[in-house]
Amino acid sequence: MTLLGGSAYWSRSLVAAVDQAAARLLSTWPGGSMAGPEDIRRKADGTLVSAADTDAEQLLVKAITHLDPTGVILTEEDPNTHHHRATGRALTWYIDPLDGTRQYLDGSTDFAVLVSAWRGNTPEFSIASFPAAGVLAVADRDQATFRPIAQPADHRPVHACYFEPPGLRERLPAGNPLLVDAFESTRALTEVARGTAAGAVAEMCGHRAWDIAALCHLLTATGRHITDEHGHPVRLDGPDVTARYLVVADTRDLHTLLLNTLEPTP
């Protein structure tokens, strides 16, 4: 299947759609707007959603449907899409229009727009945008680009998100300090892909496929090592994530060290 207008066209179009969704989020982000969020409510799973989530989602779905009319779309805020499964032929689109709604509503910069297209278990195109932080990451098959380009650092941390693996702090090399919950997992994993962090271990706390699809692609496109807690590749064929942890590192040795600090799981 060829998307309308060819690869360069739909790449530009998707980045433009994500930028448009990001602008909508910033228009009512408490950290930079006097307007403030609108229509905040609690979903059936207990998480919050606002008009910004649904407006951003509509912008993204409209753009993707135009570019790929036969694609399979799974998007966080539309439960009707949650039964969809990857077919192996058509592209499957994972959309999170506002990853980190709680952070967004608190005025934190730690929120993102995530879009990722996979064919079966192979990612083809992904975008992670952090509107308030001014960071944009794009993966196109086995290539990734970042805006802005990260500056090299002598000390690159290892992130632990939502827990601290026992003994990890003492086992890390001197140049890789451990940071626990310094960022949400989306930002932490993106920093590994950008090269500003050496590794990360993130516990999956209710994460769904749209939370991690773009990040998995960014990490593999930049040559990072990413697995579940058993050292197995992360596979996506629907909304559910079977991994208990994501383990990410820029070297195999560090990845092995991180794996070995996790508690045994059944």
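Biologist: Which backbone oxygen does the side chain of Thr261 reach?
Modeller: That of Leu258, at 2.7 Å. A polar contact here is a pair of N or O atoms within 3.5 Å; within protein, one must be able to donate a hydrogen and the other to accept it, and residues adjacent in sequence count only if both atoms are side-chain atoms.

Biologist: What should I know before reading such values?
Modeller: This is a predicted model: local features need pLDDT of at least 70, side-chain atom pairs count only at pLDDT 80 or more, and totals for chains, interfaces and linings use all residues. Residues are numbered from 1 along each chain as its sequence is written, and side-chain values use heavy atoms, with hydrogens and water left out.

Biologist: Where is Thr261 found?
Modeller: In the segment after α7 (252–260). Helices (H or I, at least four residues) and strands (E, at least two) are DSSP runs, numbered from the N terminus.

Biologist: Is Thr261 buried or exposed?
Modeller: Thr261 is buried, because its relative accessible area is 6%. Buried means under 20%, exposed over 50%, partly exposed in between (1.4 Å probe, protein chains only).

Biologist: And what does Thr261 touch?
Modeller: Pro165, Pro166, Leu168 and Arg171, leaving aside residues up to four places away in sequence. Contact means heavy atoms within 4.5 Å.

Biologist: New topic, rings. How many aromatic pairs are there?
Modeller: The count is 4. Rings of Phe, Tyr and Trp (its six-membered ring) pair if their centres lie within 6.5 Å; planes under 30 degrees apart count as stacked, over 60 as edge-to-face and the rest as tilted. One of the pairs is Tyr104 with Phe111, edge-to-face, at 5.1 Å centre to centre and 85° between the planes. Both Tyr104 and Phe111 are buried.

Biologist: What about Phe163 and Tyr245?
Modeller: That pair is tilted, with 4.9 Å between centres and 40° between planes. Phe163 lies in the loop between β9 (158–161) and α4 (168–171), and Tyr245 in strand β13 (residues 245–249), so the pair ties together parts 82 residues apart in sequence. Phe163 is buried at 16% relative accessible area, and Tyr245 is buried at 4%.

Biologist: Which residues do ring pairs link into a cluster?
Modeller: Trp29, Tyr104 and Phe111.

Biologist: Where does the charged end of Arg187 sit?
Modeller: Over the ring of Phe183, 4.7 Å from its centre. The charged end of Arg187 also sits over the ring of Phe130, 5.7 Å from that centre. The rule asks for NZ of Lys or CZ of Arg within 6 Å of the ring centre and within 35 degrees of the ring normal.

Biologist: Now the sheet. What is the strand order?
Modeller: β10-β9-β11-β13-β12, an open sheet of 5 strands with mixed pairing. Two strands pair if DSSP finds at least two bridges between them. The edge strands are β10 (178–180) and β12 (225–227).

Biologist: How many bridges join β11 to β13?
Modeller: There are 5, and the two strands run antiparallel. Among them, Gly199 has Ala249 in β13 as its bridge partner.

Biologist: Which strands does helix α5 touch?
Modeller: Helix α5 (residues 185–194) packs on the sheet and touches β9, β11 and β13. The direction of α5 makes about 155° with that of β11. Axes are lines fitted to C-alpha atoms, for helices over the stretch in contact, and angles run from 0 to 180 degrees between N-to-C directions.
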